[in-house]
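This report looks at charged side chains, strand pairing and nonpolar packing, in that order. Please keep the sequence and the 3D view at hand while reading.

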Amino acid sequence: MNKPLSLGSVLIAAMLLFPVVVSAQGLTIDPTRPPVGYLATEADAGEPGGGLMLQSVLISQTQKAAIINGVLVKLGAKYGDAVLTRVAENEVVLRSGGVNRVLKLYPGVDKRDVGQAAATEISRHGKTQDAGTAAAGGAPSR
């Protein structure tokens, strides 16, 4: 005759099978994994630009280089049919067929100069004020 399974045997079998079921369902998440689309190129995102993505800029006293789509490109070297002609702290220039193409390290961020009034306020108080308080002549924000 068949012997009925004990509760302990059932629990042990369930614990052994649980990781397989969870893994198969994709519920195990690596907390160190970058979010979906983090390394997607512009072409993957459907944006114009041919998929070129500036990922890092390397500037030292002896050389300048950039990492474009995971490839280290030194100043003056070729990347595809383009030549890296300029490396700055937040952008590089690739020249191809007489056309310059600027790749920005942070494409959605534009650098702006601080206005004269804000610079004077900072130097006087050593603190910044938010725009609404400064315009109203109020106290600095904390």
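## Salt bridges

In this predicted model, a search of the whole structure finds two salt bridges. In one of them, the side chains of Glu91 and Arg86 meet with an N to O distance of 2.5 Å. Lys104 also forms a salt bridge with Glu91, and here the closest N and O atoms are 3.1 Å apart. Since Lys104 lies in strand S7 and Glu91 in strand S6, the pair ties together parts that are 13 residues apart in sequence. Through shared partners, the salt bridges join Arg86, Glu91 and Lys104 into one network.

Is Glu91 buried or exposed? Its relative accessibility is 14%, and because buried means under 20% relative accessible area, Glu91 counts as buried. Arg86, by contrast, is partly exposed, with a relative accessible area of 36%, and Lys104 is likewise partly exposed, at 38%.

When residues up to four places away in sequence are not counted, Glu91 touches Leu54, Arg86, Val102, Leu103, Lys104 and Leu105. This list holds both salt-bridge partners, Arg86 and Lys104, together with residues such as Leu54 and Val102.

Strand S5, residues 82–87, runs antiparallel to strand S6, residues 91–96, and four bridges join the two.

S6 in turn pairs with strand S7, residues 99–104, in the antiparallel sense and over six bridges.

Three strands form an open sheet in the order S1-S2-S3, with antiparallel pairing. S1 and strand S3 (71–74) stand at the edges, and because each has a single partner strand, one side of each is left without a neighbour in the sheet. On average, and with direction ignored, neighbouring strands of this sheet are turned by 20° against each other.

Five bridges join S1 (residues 54–59) to S2 (residues 64–68), and a hairpin of four residues links these strands. The bridge partner of Leu54 in S2 is Ile68.

## The nonpolar core

The largest nonpolar core has 14 residues, and those with the most contacts inside it are Leu54, Ile68, Leu84, Val92, Leu94 and Leu103. S1, S2, S5 and S6 each supply at least two residues of this core, while S5 gives the most, with three residues. Leu54 and Ile68, which are bridge partners, are therefore also among the core residues with the most contacts, as the core is defined.

Leu94 shows how such a residue is surrounded: residues up to four places away in sequence aside, Leu94 touches Leu52, Ile68, Tyr79, Ala82, Val83, Leu84, Val99, Asn100, Arg101 and Leu103. In soluble globular proteins, nonpolar side chains tend to be buried together.

How values were computed:
Residues numbered from 1 in each chain as written. Predicted model: local features only at pLDDT ≥ 70, side-chain atom pairs only at ≥ 80, totals over all residues. Heavy atoms only, no water. Pairing = 2+ DSSP bridges. Core = buried A, V, L, I, M, F, W, Y, C linked by side-chain atoms within 4.5 Å. Buried < 20%, exposed > 50% of the residue type's maximum accessible area, 1.4 Å probe, protein only. Contact = heavy atoms within 4.5 Å. Axes fitted to C-alpha atoms, helices over the stretch in contact; angles between N-to-C directions. Salt bridge = Lys/Arg side-chain N within 4 Å of Asp/Glu carboxyl O.
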